[in-house]
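Please look at the charged side chains here. Where do they pair up, and how exposed are the partners?

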Amino acid sequence: MTADTAAESLARLAAERVDHRFKGLPPDADGLTVGELAAQRRNLFTGGFATPVLALSAERLEHNLKLMEVYADRHGLAFAPHGKTSMAPQLFHRQIEHGAWGITLAVPHQVRVARAFGIRRVFLANELVDPAALRWVSAELDADPDFSFVCYVDSVRGVELMDAALGAATRPVDVVVELAAGEGARTGVRTEAECAAVADAVAGTRALRLVGVAGYEGEVPQADPGRVTAWLRRLVALAADFDKAGRFTGLDEIVVSAGGSAWFDAVAEVFAEIPGLSLPVLKLLRSGAYVSHDDGHYRKLTPFNRVPEEGALEPAFRLWTQVVSRPTAEQAFVNAGKRDAAYDLDLPFAQVIRRDGTERPADGVTVTALSDQHAWLRTTSEADLEVGDWVGLGLSHPCTSFDKWPLIPVAEADGTVVDYVRTYF
């Protein structure tokens with residue numbers, strides 16, 4: 001797909017009509033295109049938006065994009081942020097504009113979304129053995145010489161299935177051997193000897209080409225800096241051993257990839273130690289949650305807490321809800337629940353109360369539970385909360401926040417909505 005075609009695909013997002021599919025948007029906007037609605041620059045609080053409504057901060061979103069661009073450049077890392085976090089092609093392209101090498105994805109559907117919007121480099125952090133998906137990838141590679149695709153292999157059986165499905169493919173599919181993060185971890189090859197056997201299996205195929213090694217340090221059991229660093233050094237040593245054995249002959253570069261959102265400082269440190277190999281090394285970082293960050297899980301785990309001199313990510317999400325019941329002095333309910341807010345890692349956090357155009361901290365207000373369409377609030381004597389008040393909630397876990405909202409307003413600090421982000425889950 002050419003750059004022009006990619007731009008045309010993004011433009012089609014602006015031409016999509018606003019209707020009942022998109023919750024939280026102004027009812028009187030039905031029939032407008034997304035582009036027309038964005039051009040109106042409505043205010044999130046006074047422009048007819050209906051609660052609950054999830055919004056992204058325009059300023060914080062841009063801050064996070066720039067921060068990780070600078071971080072990756074400073075540490076000599078290529079960056080392929082994990083697109084499963086947002087599944088938003090507009091954000092994919094903004095990430096690439098901010099220096100990303102490409103986009104990491106997890107399953108074939110996500111790759112199809114990325115390709116529909118012109119993403120040219122995809123790293124699939126999974127072994128792909130589905131024949132229909134493999135044939136589609138092969139056809140994409142044949143049709144577009146600029147398309148670059150890399151995926152995991154983690155078993156000899158997987159290699160055999162891939163080779164059988166691809167048949168006499170014109171372009172081989174590039175693969176990296178996934179080193180497991182340890183016993184009891186998720187996917188990946190458990191030992192270096194087994195890694196060599198998988199690499200041998202790849203060498204025996206026509207349809208696959210070994211280009212490197214990869215893994216996910218976030219799955220290291222009982223992860224701490226020492227254990228994560230030790231595993232990353234195993235990954236680097238595996239790449240060096242493969243190179244010494246001549247497994248990367250005929251390539252332009254060797255791929256060494258790791259990096260979620262909790263340990264990318266350790267990845268940067270260990271990847272800086274990669275010894276001179278026979279070819280240049282593409283040191284590929286894959287952190288994804290940074291784009292929106294959060295007010296819970298990743299706020300606690302971000303590596304920037306350990307290296308504050310490198311900067312700080314800012315939580316960009318806020319879920320605006322409205323008090324619909326205040327049955328007692330100790331209890332209130334707002335009109336957003338499990339259908340609207342992430343809850344798999346932490347419950348939402350009551351942050352601000354908005355009444356008559358004025359915001360104040362949500363002192364004395366705590367979210368204690370979620371029903372399908374309600375959040376349960378516990379209120380203390382210091383809580384000034386009435387039916388009709390808007391309550392702004394912070395969220396934990398970006399991946400399960402984006403997936404509940406197909407069209408998300410992007411608002412400036414004063415509430416002016418300047419864009420809408422379309423997601424595809």
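What follows is a short report on salt bridges in this predicted model.

## Overall count

Searching the whole structure turns up 28 salt bridges. Three of them are described below, with the surroundings of their partners.

## Asp-19 and Arg-21

Asp-19 pairs with Arg-21 in a salt bridge. Their closest N and O atoms lie 2.9 Å apart.

Asp-19 has 21% relative accessibility and counts as partly exposed. The cut-off for buried is under 20%, so Asp-19 does not qualify as buried. Arg-21 is also partly exposed, at 40% relative accessibility.

## Asp-295 and Arg-299

A second salt bridge joins the side chains of Asp-295 and Arg-299. The N to O distance is 2.6 Å.

Is Asp-295 buried or exposed? Asp-295 counts as buried, because its relative accessibility is 12% and buried means under 20%. Arg-299 is partly exposed, with a relative accessible area of 43%.

## Arg-355 and Asp-384

Arg-355 forms a salt bridge with Asp-384. Here the closest N and O atoms are 3.2 Å apart. This pair links distant parts of the chain, 29 residues apart. Arg-355 sits in strand β12, residues 349–355. Asp-384 lies in the loop between β15 (375–379) and β16 (390–394). Asp-384 is partly exposed, with a relative accessible area of 38%.

Which residues join this pair in a network? Arg-360, Glu-386 and Asp-389 do. Salt bridges with shared partners tie them, Arg-355 and Asp-384 into one network.

How values were computed. Residues are numbered from 1 along each chain as its sequence is written. This is a predicted model: local features need pLDDT of at least 70, side-chain atom pairs count only at pLDDT 80 or more; totals for chains, interfaces and linings use all residues. Side-chain values use heavy atoms; hydrogens and water are left out. A salt bridge is a side-chain nitrogen of Lys or Arg within 4 Å of a carboxyl oxygen of Asp or Glu. Buried means under 20% relative accessible area, exposed over 50%, partly exposed in between (1.4 Å probe, protein chains only). Helices (H or I, at least four residues) and strands (E, at least two) are DSSP runs, numbered from the N terminus.
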